[in-house]
Amino acid sequence: MKKNLTRLTDTHFNEMNFWDDENVAFIKPSEENGKKIWLIYAADGEKIAVTDDREFAFLVARQNDLNPQSVH
């Protein structure tokens, strides 16, 4: 199956440079010892925290002045 791919132009790269990701936290579900957990990552990929409650993960991000985004 052929997928539709868009060629990234210089304009695309310039637009991406304006995206401020310093204040973003990524919330990612995972599993540990058969239990669902939620990992909180900084935009640069550094693991910030782990919790067993999704809503709490978002709360922790917001309390640290981060904009939480869900990652699937």
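The model is predicted, so local features need pLDDT of at least 70 and side-chain atom pairs count only at pLDDT 80 or more, while totals for chains, interfaces and linings use all residues. Residues are numbered from 1 along each chain as its sequence is written, and side-chain values use heavy atoms, with hydrogens and water left out. The protein has two helices and four strands, and along the sequence they follow the pattern α-β-β-β-α-β. Helices (H or I, at least four residues) and strands (E, at least two) are DSSP runs, numbered from the N terminus.

**Overall picture**

- Of the 72 residues in the protein, 21% are buried; buried stands for under 20% relative accessible area, exposed for over 50%, and partly exposed for what lies in between (1.4 Å probe, protein chains only).
- The accessible surface comes to about 6100 Å², and carbon and sulfur atoms hold 48% of that surface. Accessible areas come from the Shrake-Rupley method with a 1.4 Å probe; for residues, only the protein chains shown count as cover.
- Taking contacts between residues at least 6 apart in sequence, 28% join residues at least 24 apart. A contact here means heavy atoms within 4.5 Å.

- The four strands form an open sheet in the order 3-2-1-4, with mixed pairing. Strand 3 and strand 4 are the edge strands, each pairing on one side only. From one strand to the next, the twist averages 30°.
- Two strands count as paired if DSSP finds at least two bridges between them.
- Strand 1 and strand 2 pair in the antiparallel sense over eight bridges, and I27 stands opposite I40 in strand 2.
- The pairing of strand 1 with strand 4 is parallel and runs over four bridges; V24 has N67 as its bridge partner in strand 4.

**Helix 2 and what covers it**

- Helix 2 spans residues 54-63, and its buried residues are A57, F58, V60 and A61. Seen down the helix axis, these buried residues fall within an arc of 160°, so they line one face of the helix. That arc is taken over the directions from the helix axis to the C-beta atoms.
- On the other side of helix 2, E55, R62 and Q63 are exposed.
- The cover over the buried residues of helix 2 includes strand 1 (24-32), strand 2 (35-42), strand 3 (47-51) and strand 4 (67-70).
- At the N-terminal end, D53 caps helix 2: a side-chain oxygen of D53 lies 3.0 Å from the backbone nitrogen of E55. A polar contact is a pair of N or O atoms within 3.5 Å; within protein, one must be able to donate a hydrogen and the other to accept it, and residues adjacent in sequence count only if both atoms are side-chain atoms.
- After helix 2 comes D65, with a positive phi near 55°.

**I40, a buried residue of strand 2**

- I40 sits in strand 2 and is buried, with a relative accessible area of 1%.
- Leaving out residues up to four places away in sequence, I40 touches A25, F26, I27, E46, K47, I48, A49, A57 and V60.
- I40 and A57 are 17 residues apart in sequence, and their C-alpha atoms are 6.7 Å apart in space.

**Two loop residues with positive phi**

- N33 lies in the loop between strand 1 and strand 2. Its phi is positive, about 55°, although N33 is not a glycine.
- N33 counts as exposed, at 78% relative accessibility.
- D65 belongs to the loop between helix 2 and strand 4. D65 is a residue other than glycine with a positive phi, near 55°.
- D65 counts as exposed, at 65% relative accessibility.

How values were computed: Axes are lines fitted to C-alpha atoms, for helices over the stretch in contact, and angles run from 0 to 180 degrees between N-to-C directions.
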